[in-house]
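Open the model in your viewer and keep the selection panel at hand. We will go from the whole chain to single side chains.

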Amino acid sequence: MSVTYDDSVGVEVSSDSFWEVGNYKRTVKRIDDGHRLCSDLMNCLHERARIEKAYAQQLTEWARRWKQLVDKGPQYGTVEKAWVAVMSEAEKVSELHLEVKALLMNEDFEKIKNWQKEAFHKQMMGGFKETKEAEDGFRKAQKPWAKKLKEVEAAKKAYHAACKEEKLAISRETNSKADPSLNPEQLKKLQDKVEKSKQDVLKTKEKYEKSLKELGQSTPQYMEGMEQVFEQCQQFEEKRLRFFREVLLEVQKHLDLSNMASYKNIYHDLEQSIKAADAVEDLRWFRANHGPGMSMNWPQFEEWSADLNRTLSRREKKKSDGVTLMGINQTGDQALQNKPGSVSSYEKSQSYPTDWSDDESNNPFSSTDANGDSNPFDEDAASGTEVRVRALYDYEGQEHDELSFKAGDELTKIEDEDEQGWCKGRLDNGQVGLYPANYVEAIQ
């Protein structure tokens with residue numbers, strides 16, 4: 001009948017020392033922990049890569065949205081270009097963060113994954129080959145010493161029990177001498193008991209000392225075997241620690257954008273673009289294109305002509321809010337110049353005739369309405385398919401012919417987007433006007 005020996009049964013661990021029976025399991029567990037730490041590091045980098053991607057997407061969306069808002073807004077000139085440069089910076093930085101994401105996943109993540117696969121070999125019955133080899137090595141080195149330790153503990157227990165019995169026998173013999181009721185035969189039995197207990201003490205002490213000596217003799221071999229297996233585990237762990245250090249340094253290089261020349265160039269270009277903004281130049285441009293510097297065809301005496309079958313009414317000569325009278329030729333060398341890089345929504349939606357005429361068909365502000373309160377968008381929608389759309393963002397009309405709405409509002413598109421990016425639509429309250437095409441989406 002074979003008996004399986006368990007080196008951890010029957011031996012009381014008295015300290016937390018590595019040399020105590022079974023305490024090598026912490027070193028064995030470190031191998032399993034190494035595999036788990038590889039997985040943890042991969043998960044860590046995967047999450048960071050997702051953050052980099054999300055941040056890049058947010059930068060791109062932010063830059064796209066604000067480029068459109070600035071382009072369609074009232075800012076003009078070199079300051080507008082400086083403002084747009086901030087969005088360009090975001091787009092370039094977004095590209096760099098996408099590169100970081102790619103490096104983290106394609107290089108660092110894959111490197112850890114491949115190393116983990118090469119370093120840890122799974123067994124059919126579960127666990128890793130490296131863990132089992134370490135476990136078997138420690139168990140083999142510790143088994144003989146643990147067996148002798150078990151014998152020492154047993155001899156120690158027997159010796160201490162004999163000592164206790166000897167003390168009890170001596171106490172009984174001493175007490176019996178003062179008891180007159182005991183006969184000589186009983187006293188002799190107590191004396192024999194004392195003598196026997198003393199012999200037992202000597203025998204158990206001798207056995208205890210012998211087993212302890214044998215344990216001491218086997219201890220150097222035990223320590224040598226355990227040291228050998230432990231050193232193998234140390235070498236395996238050293239490879240993992242050095243690999244982690246190497247990978248983390250690679251991660252640091254990939255995350256540190258400040259050392260990239262392209263990253264530095266982005267902010268150098270941004271600084272130059274902002275410094276190029278010139279308030280004096282912008283004011284000069286505005287004066288020439290929207291202020292007193294504009295040319296004017298001042299009214300002059302004109303002879304009656306048969307070709308002119310009507311004259312402009314006083315109402316047709318008035319200016320609408322922020323809109324210059326149309327249908328008047330300019331004179332002089334200056335022609336109306338467009339805003340460089342940006343025009344208002346009204347300018348983007350209107351065409352200016354080159355020949356002045358009093359024909360009301362050429363004047364969007366002329367009307368047969370008796371009160372003279374006309375709006376070119378109060379008429380029915382032009383021919384075409386009407387489409388229901390939903391607002392993606394809030395928009396506050398900047399001109400009298402623009403619609404205002406909140407994100408989520410629904411309206412009807414009655415004319416397709418023009419070359420300037422504006423659509424004509426109608427609110428549910430009947431108001432007709434222009435709005436930015438990219439501020440809405442079609443309702444499916």
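Among contacts in the chain between residues at least 6 apart in sequence, what percentage join residues at least 24 apart? The figure is 73%, where a contact means heavy atoms within 4.5 Å.

A note on the source: this is a predicted model, in which local features need pLDDT of at least 70, side-chain atom pairs count only at pLDDT 80 or more, and totals for chains, interfaces and linings use all residues. Residues are numbered from 1 along each chain as its sequence is written, and side-chain values use heavy atoms, leaving out hydrogens and water.

**Whole chain.** Colour by secondary structure. You get 7 helices and 5 strands (DSSP runs: H or I of at least four residues, E of at least two, numbered from the N terminus). From the N terminus, the order is α-α-α-α-α-α-α-β-β-β-β-β. Of the 444 residues, 32% are buried (under 20% relative accessible area; exposed is over 50%, partly exposed in between; 1.4 Å probe, protein chains only).

**Select W83.** W83 sits in helix α2, residues 77-119. Its relative accessible area is 37%, so W83 counts as partly exposed.

With W83 they form a nonpolar surface patch (residues with over 30% relative accessible area and no salt bridge, nonpolar side chains joined within 5 Å).

**Select E130.** This residue lies in helix α3, residues 129-177. E130 is buried and has no salt bridge (a Lys or Arg side-chain nitrogen within 4 Å of an Asp or Glu carboxyl oxygen). The nearest side chain of opposite charge, K129, is 5.9 Å away. Now show the residues E130 touches, including I31, F120 and F236.

Definitions and conventions. Patches are made of residues with over 30% relative accessible area and no salt bridge: like charges are joined within 9 Å, nonpolar side chains (Val, Leu, Ile, Met, Phe, Trp, Tyr) within 5 Å. Accessible areas come from the Shrake-Rupley method with a 1.4 Å probe; for residues, only the protein chains shown count as cover. Lys and Arg count as positive and Asp and Glu as negative; His and the chain ends are not counted. Lists of a residue's contacts leave out its neighbours within four places in sequence.
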